[in-house]
Amino acid sequence: MKLQNELIHLLKKSGCDVIVNNKKTKELIDYSFNVYNFDYKLNFNELLYVRKKLKKYNKQILIAVKKLKNDKFSRQAVIQFNVYNNLPECLIQIQLLIRKDKLYVIVTSRSLDVKTKLFQDIEIARQIANMFGFQYEYIKFNVGSLHYYT
């Protein structure tokens with residue numbers, strides 16, 4: 001919750017007012033942040049969303065796990081999230097790199113709603129990272145549009 005509150009405060013302070021689909025939005029573009037720990041407990045619907053996403057991309061996840069197990073210096077352990085209803089998914093990709101026996105998790109998001117999808121996207125990245133058997137320092141998020149609806 002602390003991260004979410006910090007991001008909302010930042011958006012309130014520095015975000016631009018934007019109208020998206022007839023809804024008022026506070027937005028920052030091209031924003032990055034790191035997640036060092038994650039202790040939020042997802043509710044049932046949030047967990048369901050995470051499980052569906054992991055199931056849908058399970059084949060790609062397993063390929064990425066295999067790539068890093070076969071070559072721990074590979075830069076090709078990437079899970080790419082595809083088009084949904086003719087629109088690109090908000091979560092675009094997760095890249096995993098192992099360097100100095102630590103896992104680096106890099107998440108690229110087209111769009112991230114801080115109030116409704118932040119915790120689910122963190123949990124997706126965290127669960128994928130936990131499949132590799134390496135400790136990760138943090139999860140890096142690179143976001144095209146970080147926002148919340150006011």
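**Entry 1: L118 and its helix**

I began with L118, which is in contact with L3, Q4, L7, F33, L112 and D113, leaving aside neighbours within four places in sequence. I note at the outset that this is a predicted model. I located L118 in helix α4. I found L118 buried, because its relative accessible area is 1% and the cut-off for buried is under 20%. I then looked up M1: L118 and M1 stand 117 residues apart in sequence, yet their C-alpha atoms are 9.9 Å apart in space.

I turned next to helix α4 as a whole, which covers residues 118-130. I read its span from first C-alpha to last as 18 Å, close to the 18 Å expected for its 13 residues at 1.5 Å a residue. How many of the residues of α4 are buried? I recorded 10 of the 13, so the helix is largely enclosed by the rest of the structure. Among the buried residues I listed F119, I122, A125 and A129.

**Entry 2: Aromatic rings**

I counted eight aromatic pairs. One of them joins Y40 and F119, which are stacked, with 3.8 Å from centre to centre and 20 degrees between the planes. I noted that this pair links distant parts of the chain: Y40 belongs to the loop between β2 and α2, F119 to helix α4, and 79 residues separate them. Are the two partners buried or exposed? I found Y40 partly exposed at a relative accessible area of 22%, whereas F119 counts as buried at 6%. I also traced a cluster in which ring pairs link Y31, F33 and F141.

I then looked for charges over rings. I found K117 over the face of Y49, 4.0 Å from the ring centre. I recorded a further case in K23, whose charged end sits over the ring of Y149 at 5.3 Å from its centre.

**Entry 3: The β1–β2 hairpin**

I examined strands β1 (residues 16-20) and β2 (residues 23-35), which run antiparallel and are joined by five bridges. I saw that they form a hairpin with two residues between them. In the turn, N21 has a positive phi of about 50 degrees. I placed D17 opposite K26 in β2.

**Entry 4: H147**

I found H147 buried, with a relative accessible area of 5%. Which backbone oxygen does its side chain reach? I identified that of S145, at 3.2 Å. Not counting residues up to four places away in sequence, I listed the residues H147 touches, including L11, K26, L112 and D113.

Terms used:
Residues are numbered from 1 along each chain as its sequence is written. This is a predicted model: local features need pLDDT of at least 70, side-chain atom pairs count only at pLDDT 80 or more; totals for chains, interfaces and linings use all residues. Side-chain values use heavy atoms; hydrogens and water are left out. Buried means under 20% relative accessible area, exposed over 50%, partly exposed in between (1.4 Å probe, protein chains only). A polar contact is a pair of N or O atoms within 3.5 Å; within protein, one must be able to donate a hydrogen and the other to accept it, and residues adjacent in sequence count only if both atoms are side-chain atoms. Contact means heavy atoms within 4.5 Å. Two strands pair if DSSP finds at least two bridges between them. Helices (H or I, at least four residues) and strands (E, at least two) are DSSP runs, numbered from the N terminus. The expected span of a helix is 1.5 Å times one less than its number of residues. Rings of Phe, Tyr and Trp (its six-membered ring) pair if their centres lie within 6.5 Å; planes under 30 degrees apart count as stacked, over 60 as edge-to-face and the rest as tilted. A charge sits over a ring if NZ of Lys or CZ of Arg is within 6 Å of the ring centre and within 35 degrees of the ring normal.
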